[in-house]
Amino acid sequence: MYENYEYKIGTTLEGMTLLTELTTPLKPPAAAFTPSVGSITLGDGTERAIGSALTAWHWGFLTSNQRDQLKEFCPGKSAEVYIRTILADGTYANYSCVMVWPQNENRQATRVVDITVDFRQMVLIPPEEP
Amino acid sequence: MARPMTEGELEKVRRDNQFSKLFIAIHNPAVVFSCRVNQTFDSLDKVVEVLYNGATGDYEDILPGMTAWIGSSAGAWDYGQVRVRKSATSDTLFVGENSDVKWADEAYITVVDEFGIWPKHPRVVSADEVYMDYDVAYDDQHTAFAPVPILEHQCLWLTGASVSTQLDAGDSWCLADGEMSFLWTASGGTLIDEDTSTPIFEATAAGVYRISCTVTVGDGVQTGHRYIFVYDSENMPFLATLRNTPSGSYERGGWDGGFTITDPVGLSIVRDRALCILFSMDFYGSDKVSLGPVAGSENIIHVGWLAGESLNINPVRGNASFEVWGPHQWISTLEEFIDGLEDTPADPTAWTQIKNLTVDKCLWHLITWRSTVSQMMSCYLSGDSRQALALQSGEGDQWSQITRNAAAIAAKPCCDRYGRMFVEVNQQLIPEDERSSIPVVMSITKKDWTGSVNVIRNPTSRISQIVLSGVHYETGTEGTAYFALAPGHVFKRYGSTTSVERLLLNDQAQANSIAGLMLGWQNRTYDFDFPIAANNRMVDICPQQYVAATIAPEDNPRGVSFDGRVVIREITLDWKEKESFMSAVWTGEEEAFPENSTVGDVPGVDEWDSSVPPLPKLPSLPSLPVLYPPPNMPNSNQPKVVVGCGSAGVFYTRDFDSDSPTWYLMNNGIDTADRAKIYKIIVTPSGSIWILCRAAFYDVGTIYYCSGLGGTWVKYASGADFHSGHGCIEAIGYDPTSTERIAFLTTNTSENNDHNSIFHYGNSGGYSNGSAMGSNHDAPADIIFWNGNWYLAHSLWGVFATPWVTKFSASGTYIDSASINTDVGQDFAARFMLPLPSFIFEWDGSGAGGWNEISSAIVATRFTDLSFDPSIQSVSFSPSGNVALAAKASVSIETYKTTDGGASWSDIASVVPAGANVIENCRDDFRFILGGGATIKLTMDAGATAPINKVGNLSLIAPLIDITGIRYIS
């Protein structure tokens with residue numbers, strides 16, 4: 001059903017697992033990728049992206065088990081993780097980054113609704129040569 | 001050293017997605033040894049060693065330079081901090097001389113593994129007994145120069161089983177020739193190839209590791225200490241928020257900054273003045289790498305020590321903000337005693353001497369023997385070989401002393417981001433053809449800056465003329481002065497005149513070159529601000545380096561173009577918190593090029609021939625009566641300007657009234673051999689100073705004069721100039737009623753006949769011969785001017801000579817003479833006189849002792865109740881002739897006093913310490929200066945109370961001096 005999605009997460013690059021293949025599978029999130037935090041204008045009029053790329057994974061809701069599954073990767077407020085996420089052009093890439101757990105969780109019954117997990121300081125891990 | 005950026009580095013700083021994580025490493029030093037004070041203290045002043053007991057740890061682990069905390073509880077420093085100055089014993093800790101620590105019995109002492117910036121004070125016991133750092137006597141430290149180790153701090157991340165790094169002390173240097181060897185130690189971890197300059201250090205656990213590198217060249221040894229901070233995910237450094245982003249300034253001399261820590265964990269261990277290192281984890285796109293000019297330390301942004309602190313207290317989340325000073329600021333706080341070094345042609349025998357003295361040697365002495373600077377930070381000196389006769393910068397903080405000494409070669413100290421000190425010649429003052437070795441770090445393109453480049457154009461000259469002077473000196477020579485003007489004798493149209501003095505120069509060409517370069521630098525057209533669009537930390541305010549820049553006319557509304565090199569003088573790092581992006585603003589000045597220059601004028605000498613025909617001989621003006629001050633009243637003002645002489649030559653001060661006068665040597669122009677035998681010094685009313693150099697007996701004798709304090713001496717007359725090369729100069733005197741009139745006596749050493757001596761009189765413009773007369777050939781005589789005539793006291797005829805006084809007119813014509821023989825044994829001897837209101841006071845060096853009152857008719861009345869030291873200034877009367885202090889002829893040389901014109905004398909040895917055989921009255925009945933050996937004192941009440949010590953720095957600039965003359969000037 002989700003074979004076209006490649007979202008992964010792990011505490012190591014090699015240990016990244018498709019969200020759908022986690023012990024408690026997660027549905028692919030809605031992802032918002034930002035190539036950089038900001039930009040500056042250079043002397044020749046061109047722009048330079050400054051700061052790291054950002055992305056946010058959003059779910060309309062996660063079950064308690066799914067939420068706990070995701071929380072394992074970020075036991076505290078933030079944690080260094082590896083993710084594979086979608087880019088603005090629809091392709092996927094691997095990053096090391098800091099996962100930031102949301103400040104507030106809106107729990108309704110056995111679900112957490114409208115949950116967004118931020119990923120900062122994303123450093124692209126270039127694909128290995130074939 | 002600075003280097004050009006590689007293509008790979010340039011590509012990285014022009015990438016997208018640059019960001020950084022900032023961390024602060026704060027040194028919380030390990031405890032090496034702890035104990036408790038085991039003694040009481042009569043005084044807390046000048047404490048240098050402390051008995052201890054209750055030790056924990058091995059006292060042999062204590063290294064010189066480590067820090068000891070003194071406190072009311074274990075590990076506390078509330079009583080103070082001191083430096084360990086040498087290895088401890090089983091019951092004694094030796095600390096840097098201190099007066100600020102609240103030492104107390106049973107106080108806690110904690111010696112920690114920290115090496116800070118501390119002063120080392122000299123201790124002057126006497127002229128012959130000077131120590132550095134309290135008890136280090138001079139041996140061969142200024143010949144077997146201690147090397148200066150060069151090594152840097154590092155901050156590492158342990159991400160696997162181990163982390164390793166290559167250390168590098170290859171830039172270590174030594175002023176002495178010889179093979180350099182290295183031996184490294186570490187407080188933990190593993191060292192590989194520790195006997196090379198580039199060992200490998202490996203750590204398998206997080207922690208702070210001290211690395212020490214002992215560098216040896218011949219008998220010179222010094223150990224440098226730095227720290228490697230190793231962190232891992234369990235042992236993280238503080239995360240920092242920059243409060244004042246680090247900024248560096250060539251003018252200020254280094255870098256400063258500030259940061260805020262909000263994480264309360266561990267904040268309580270942050271200690272005052274702790275070493276702290278701002279470092280980063282940098283990303284250039286997908287590359288995690290740091291770029292910097294120092295291999296192994298590229299991730300270090302700024303090295304400093306905590307200076308100030310402010311706490312933000314609120315109920316939600318407090319924080320602490322810290323101010324961080326670079327080493328230049330800390331060295332600026334090291335208040336030092338006066339420094340002074342003299343060149344010596346032979347191997348030095350004192351702390352104040354260095355053979356073939358250069359600025360580098362002087363600075364090395366300061367950073368090695370007057371502070372711990374060369375032990376705990378990397379220092380690079382100029383490499384300049386210009387010699388100096390003497391270098392002294394006065395008292396003050398050590399940074400000022402370094403700056404003032406470096407200025408002699410147009411150099412300046414500056415510290416880079418890593419806390420390395422470079423004393424380099426201002427690169428704008430380096431001749432064009434010698435700039436090729438200065439690297440161009442990068443060429444700034446439009447891809448390298450953001451916002452707008454500010455160009456400050458200076459179309460109007462700020463300096464209209466540089467007037468430059470300096471000397472070329474080589475050991476054993478008298479030195480040559482050079483003067484230069486830029487652009488020339490005519491000013492530029494606009495700007496002020498600047499005088500640059502006291503440079504050390506190789507030759508006239510260099511004087512002209514520097515003058516032209518200075519004018520070109522001061523009047524450069526462009527200054528720039530470049531807001532750099534990258535995390536580029538390859539450029540710094542030192543060491544010497546350029547960046548290249550191009551500004552096209554079409555890029556600005558004024559059509560200004562520039563294509564050249566820029567010297568960066570200020571850098572301010574900018575931190576964008578949200579983007580985690582560090583960038584910089586570089587402020588610089590365009591590379592300067594020389595303007596015109598020419599040979600300058602010797603002061604007081606016109607360019608054109610201003611000589612006029614000699615004047616016809618004019619009749620002599622009538623002699624003025626000797627004017628004495630009115631009856632004296634106590635003068636509460638201490639003398640201010642005093643000149644003296646002794647075995648080290650002539651010295652003077654303009655602040656004799658200060659607690660610690662600053663003395664200066666003024667020997668330029670005096671032959672080295674003559675400096676050590678100044679027999680008499682006189683100062684004429686014009687201010688010109690005259691010295692007769694001769695051994696007490698049997699010497700040729702040379703007269704020098706100079707126009708005033710600090711001037712260059714001119715050789716006026718030598719005994720060898722007279723009597724067909726067989727002459728000697730026996731005596732000199734001056735007329736206090738004339739602006740400048742002196743007299744001297746030459747005698748013929750080849751015969752003892754009558755008319756073998758000639759009386760001479762003149763001024764600095766020359767002298768004339770007076771009458772010939774008889775005198776023994778080389779016993780020192782004396783000349784005074786009294787009641788309108790010259791009086792000569794001398795020995796007449798042969799070995800069994802007769803004491804004699806001869807009177808001459810003001811123009812040197814013989815008037816009268818008579819024997820003053822009043823006792824047996826007064827034959828061949830040195831004679832001394834003083835003009836008093838109603839008689840001449842005369843004594844001699846014969847064995848007969850006593851003294852004479854001599855009338856204008858040359859009738860001597862002898863007194864034998866006291867004999868005086870056989871030297872030219874052993875007696876000095878006040879102008880009233882009533883009060884005098886005198887040195888008794890005895891082994892211990894006690895001081896005696898008269899208040900009735902010599903009718904009676906009283907021993908004041910209980911108040912005035914013995915040994916003063918040079919006495920100078922200061923023109924009233926109360927103030928006398930007393931000298932002897934290396935001691936100089938002032939009494940304001942004619943010895944009624946103990947005199948005031950006025951040695952000041954004299955023992956440093958002339959440590960072995962034996963004072964032979966003192967003259968009060970004003």
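This is a predicted model: local features need pLDDT of at least 70, side-chain atom pairs count only at pLDDT 80 or more; totals for chains, interfaces and linings use all residues.
Residues count from 1 along each chain as written, and chains are lettered from A in the order written. Local features need pLDDT of at least 70, side-chain atom pairs count only at pLDDT 80 or more, totals for chains, interfaces and linings use all residues, and side-chain values use heavy atoms, leaving out hydrogens and water.

**Exercise 1.** Work out how chain A and chain B meet.

*Step 1.* Start with contact, meaning heavy atoms within 4.5 Å. Chain A brings 24 residues and chain B brings 23 residues.

*Step 2.* Next, look at buried area (the accessible area, with a 1.4 Å probe, that two parts lose on being put together, summed over both). The two chains bury about 1,700 Å², with 55% of it on carbon and sulfur atoms.

*Step 3.* You'll count two between chain A and chain B. One of them pairs Glu80(A) with Lys21(B), whose closest N and O atoms are 3.5 Å apart.

**Exercise 2.** Find Pro879(B) and decide: buried or exposed?

*Step 1.* Go to the loop of chain B between strand E61 (875-877) and strand E62 (884-887); strands are DSSP runs of at least two residues, numbered from the N terminus.

*Step 2.* Check the relative accessible area of Pro879(B): at 10%, this residue is buried (under 20%; exposed is over 50%, partly exposed in between, using a 1.4 Å probe and protein chains only).

*Step 3.* Finally, look at Pro835(B), 44 residues away along the chain: its C-alpha atom is 9.2 Å from that of Pro879(B).

Notes
Helices (H or I, at least four residues) and strands (E, at least two) are DSSP runs, numbered from the N terminus. A salt bridge is a side-chain nitrogen of Lys or Arg within 4 Å of a carboxyl oxygen of Asp or Glu.
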